[in-house]
Amino acid sequence: MKIRPRRNRKSEAIRALIRETIVTPDDLIAPLFVLSGKGIKDPISSMPGQFRFSVDLLIVEVKQLYSLGIKCISLFPAIDEHLKDSWAKESTNPDGLYPRAIRAIKEACPDMVVMTDVAMDPYSSDGHDGFVDPKTGEIVNDPTLEILASMAITQAQAGSDIIGPSDMMDGRVGFIRSALDQESFEGVSIMSYSSKYASSFYGPFREALDSAPKSGDKKTYQMDYANSREAIREALLDEKEGADILMVKPGLPYLDIIAKLREVSNLPIAAYNVSGEYAMIKAASEKGWLDGEKCMVEMLTSFKRAGCDMIITYFAGEMARLTS
Ligand code: PBG
């Protein structure tokens, strides 16, 4: 035999030379949950190691992540039930929990890149990402765009660096881009949740925010997981509308979509390694069925190998700690 591929695997030093992909803290974005109150660090039962923080303790966590090399966080608010309504009015309150948290982070840790989520669900009494027509029960697209744009502006005013529309309404990237530009926020980026599937892997996240839809499901706006061409169509539309970064969500069961998108777009691509993917590894690891740490590294590496530039992951802190 002249050709022996095993020669390139014969020692760790050789394997390190050969290695095509490596995950560093530079690639990672940490999702964080904020709630109202003081001195609260409330564990999320289905996501061991993840918490809902009040603003004062959120800042402590952000600083710690930054010291570990994590330079971007994605923030999600758990809004008190009595502040929710059909129009998500609280989402445009400049003194609401979310803008206050954004301002506090930027004050305490100015170099941390703050990504914020644009969708109605955390604020909506209906638990949907868009506006629910009270007569028909349908999630109506165009009236939602106005609400999303005001929400994005409120977040930009508070200091958000990256707006992340996660709602999957048609035309929202272009609509939000124009609205931001009109308010002189042309420097604020958009990371579009461009190919977001209607997935059961979001379960623990909805528990964390108590944001599950009150009726029906999200299948008229989030995509059917049986489709891949549709994901590319959605992503290329967002690119045309002005997205700076595209995203595939969930991550692990959708590596094929990431790889396909990498071939057709030159924009940076993010994967969202969602709550259910985190919970699976944590649960199996707690039972002693998997080596959680090794599975974490293998899984995060697979995203980069598939073609991602960055990964939004609840493992960000743990991974950074491991590599530092
Ligand atoms: C809501 C939103 C969801 C997630 C991020 N933004 C849930 C949903 O669409 O129902 C899920 C993230 C996760 O599961 O980690 N707009």
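1. A charge is said to sit over a ring if NZ of Lys or CZ of Arg is within 6 Å of the ring centre and within 35 degrees of the ring normal. The charged end of Lys 249 meets this rule over the ring of Tyr 272, 4.8 Å from its centre. Lys 249 also has its charged end over the ring of Tyr 202, at 4.5 Å from the centre.

2. The model is predicted: local features need pLDDT of at least 70, and side-chain atom pairs count only at pLDDT 80 or more, while totals for chains, interfaces and linings use all residues. Residues are numbered from 1 along each chain as its sequence is written, and side-chain values use heavy atoms, with hydrogens and water left out.

3. Rings of Phe, Tyr and Trp (its six-membered ring) pair if their centres lie within 6.5 Å; planes under 30 degrees apart count as stacked, over 60 as edge-to-face and the rest as tilted. The count comes to 11 aromatic pairs. In one of them, the centres of Phe 33 and Phe 76 are 6.0 Å apart and the planes stand at 35 degrees, so this pair is tilted. Phe 33 belongs to strand β1 (residues 28–35) and Phe 76 to strand β4 (residues 72–78), so the pair ties together parts 43 residues apart in sequence. Strands are DSSP runs of E, at least two residues, and helices are runs of H or I, at least four, numbered from the N terminus.

4. Phe 76 is buried at 2%. Ring pairs link both residues into a cluster that includes Tyr 193, Phe 205 and Tyr 272.

Conventions. Buried means under 20% relative accessible area, exposed over 50%, partly exposed in between (1.4 Å probe, protein chains only).
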